[in-house]
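Hi,

Here's the structure I promised to pass on. Have a look, and then read on for what turned up in it.

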Amino acid sequence: MAAPPFAPYSLPEANDPALAHIHPGLRHLAVPIAEVLLDPANVNTHPPEQQEVLKSMLREFGQRLPLVTRASTGILEAGEGRLVAGRALGWRYIAVLPCEDDALAATRFALGDNRSAALAVIDEDRLTEQLLALHEQGVDLQGIGWTSEEIGVLLDGDGEAELPEPEH
């Protein structure tokens, strides 16, 4: 039996306080989070470590990037980790950009989005400099996904280096 056609999202009132976590520039894209459909063919998984970082970042910064769905089906093309994290935080709404993609374009976009992130290369010198600067300011680096051990590896290659105490 074929799936029923996708019905457009039900939209919240513009001044709904449940939109407060969504960046003001994205609020016009808000839809009920329960109505966003996961892609059963998504090739990425979202382990607990990633979910903890995403939840921490969403709690601190709110939603700054829209999810992407296929307009005709409501199936997610990009942003599954953020969707799962938003649901875990109890969000009622999330910003979604529905695109008029056919099945081929939707799959290509989803795979390309996942792959482009995986192909990024970190400049470890810049990363170390920025992480140490944040640490000096007393910033919780675990909240953005960096453990002391990982920073120790950046500092000396074996994870044995201790982070310097902040000067504050």
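Which residue in E4 is the bridge partner of Arg 70? That would be Cys 99. Before going further, keep in mind that this is a predicted model.

Now the sheet. Four strands make up an open sheet with mixed pairing, in the order E1-E4-E2-E3. E1 and E3 (76–78) are the edge strands, each pairing on one side only. On average, neighbouring strands of this sheet are turned by 55 degrees against each other, direction ignored.

Two helices pack on the sheet. Helix H2 (residues 80–88) touches E2, E3 and E4, and its direction makes about 115 degrees with that of E3. Helix H3 (residues 103–118) touches E2 and E3, with its direction at about 40 degrees to that of E3.

As for the pairings, E2 (residues 67–70) and E4 run parallel and are joined by 4 bridges. Along that pair, Thr 69 stands opposite Pro 98 in E4. E1 and E4 (residues 93–99), on the other hand, run antiparallel, with 3 bridges between them. Pro 32 has Tyr 93 in E4 as its bridge partner.

The side chain of His 21 reaches the backbone oxygen of Tyr 93 at 2.8 Å. Is His 21 buried or exposed? His 21 counts as buried, because its relative accessibility is 18% and the cut-off for buried is under 20%. Beyond its neighbours within four places in sequence, His 21 is in contact with Gly 62, Gln 63, Trp 91 and Tyr 93.

Cheers

Note on methods:
Residues numbered from 1 in each chain as written. Predicted model: local features only at pLDDT ≥ 70, side-chain atom pairs only at ≥ 80, totals over all residues. Heavy atoms only, no water. Buried < 20%, exposed > 50% of the residue type's maximum accessible area, 1.4 Å probe, protein only. Polar contact = N/O pair within 3.5 Å; in protein donor to acceptor, adjacent residues only side chain to side chain. Contact = heavy atoms within 4.5 Å. Pairing = 2+ DSSP bridges. Axes fitted to C-alpha atoms, helices over the stretch in contact; angles between N-to-C directions.
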